[in-house]
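Please open the model in your viewer and keep the selection tool at hand. The tour starts with a pair of side chains and then widens to the whole chain.

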Amino acid sequence: MTERPPQRTPNRQLAALIAEAGFSNAGLARRVDQLGLEHGLDLRYDKTSVTRWLRGQQPRGTTPALIAEVFTRRLGRRLSAQDLGLDACAPVYAGLEFAGSPEEAVDIVSGLWRKDSGSHAELRKIAFTPAGLVVPSRDWLIGRADDRVGRGELPPRVPPQGRPAVPRQRTQTERGPGQRVTPGDIAALRSVGELFRALDHAYGGGHARQALVRYLEHEAEPMLRGTYGEQTGRRLFAAVADLTRLAGWTSYDIAAHGLAQRYFVQALRLAQAAGDRMYGSYVLVTMSRQAVYLGHGREAVQLARVAQQGVGTSAPPAVQALLHAVEARGHGVLGEVRACTSSLVRAERALDAVRAGDEVPHWARFFDEAQLADEFGHCYRDLQQYRAAAQHAERSLQLRAPGYARSRLFCRVVLASARLGLGELDSACSLGAEAAAAAADMRSVRAHEYVREFERRLEPYRDAGPVRGYREKVAALG
């Protein structure tokens, strides 16, 4: 006698929510597929899939979390997989959500820190997805600063009759739930950011990235869950946004592109909680730079334009120069000569308008003549205007401080590529060898990829004496 398969229980919770949301089965499947694309997943569900879920079949992997997110967006309240009668899962692809509240933002970003600081190697293998840029940048553009971020004091402990209250003393190293965040705590976050930034510039993102993530997990998260008023809370969210962006930047530098993308999205949301519109534009600039590096020029341009639209014309000239320069890089990748040149001209005019004593955000102070010349050099290299690229790259190297070792390496490769484009093989190989030697001392995938890209350009000249000499020098680096 053949046994019948076990009967599944119909999922009435899911059926009720489908009715409330006004979805058809096909409409729900389509939205799950679209959300999957935002997270780098090719799901291909259809109305039959939804019928199976309603009959009690459990979708696999991260799909329950994606279905819950579809209903959350539609109904305007946070819903979990369990609320839909589905098995919970740990969505590895989470992190591209633009949270609805500061509390939710803290939950999402702290989850990223914990996964990243642990043994979740798969988190660093997640692919970058251009579709995942659309919703966060749109939500930031149309969103407003949160009405309230402060977390009030815990209620005082009432002592027994006739006995004075004795406050519990904490050790200097202990931070518990509800502990008050002080201006000194925020100053420490800022100082830590400067330290890790300097290490990143000099030695690459892989040098101390994990230490930064652990710091965020063990120090920043307890602060975010502590006690603070509105003004302190805004400053706290701003400082943590800066460190989270830096965690994304260092992840980008080691080619963990999907993880970096998630850090950038969460930094953007934390900046909104801070009420810092201009810093949000800087996060979008960072996202645009990653898109340029990965060859997504159209998305890079759109991110830069969203940043410009978000801050308007009231931004300081140095910030405007940065925003226009990053847009130019996107046009350069696309080979759009006129649009690229126009953006570069706007960037140059904005930087010329900067006056001594102008108030410039700390994160925009790096954008000076050396950086602008670097942007020009990259753009003209991408447009194959090699003489102009060489002139600007040389100027950037003359002006750039030694501490920006990785940026100098990038610019040296741009100069080497320009010299090669001009037929100056000896000079190109000499510059390329200098860049390769610098890359050998860095834990930066981007630095090594710049060198490899130059070597690909050398391939047509592989039998020439200067190229053989270059290869011997690189081989000697070990």
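Select F410 and Y450: both are buried, a word that here stands for under 20% relative accessible area, with exposed meaning over 50% and partly exposed lying in between (1.4 Å probe, protein chains only). The model is a predicted one, in which local features need pLDDT of at least 70 and side-chain atom pairs count only at pLDDT 80 or more, while totals for chains, interfaces and linings use all residues. Residues are numbered from 1 along each chain as its sequence is written, and side-chain values use heavy atoms, with hydrogens and water left out.

Y45 and W53 are edge-to-face, at 5.1 Å centre to centre and 75° between the planes. W53 is buried, with a relative accessible area of 2%, whereas Y45 is partly exposed at 21%.

Return to F410 and Y450, whose rings are stacked, with 4.1 Å centre to centre and 20° between the planes. Then select W249, Y252 and Y293, which ring pairs link into a cluster.

Finally, show the whole chain, whose C-alpha atoms fill a box of roughly 80 × 80 × 45 Å along the principal axes. Of its 478 residues, 50% count as buried.

Methods: Rings of Phe, Tyr and Trp (its six-membered ring) pair if their centres lie within 6.5 Å; planes under 30 degrees apart count as stacked, over 60 as edge-to-face and the rest as tilted.
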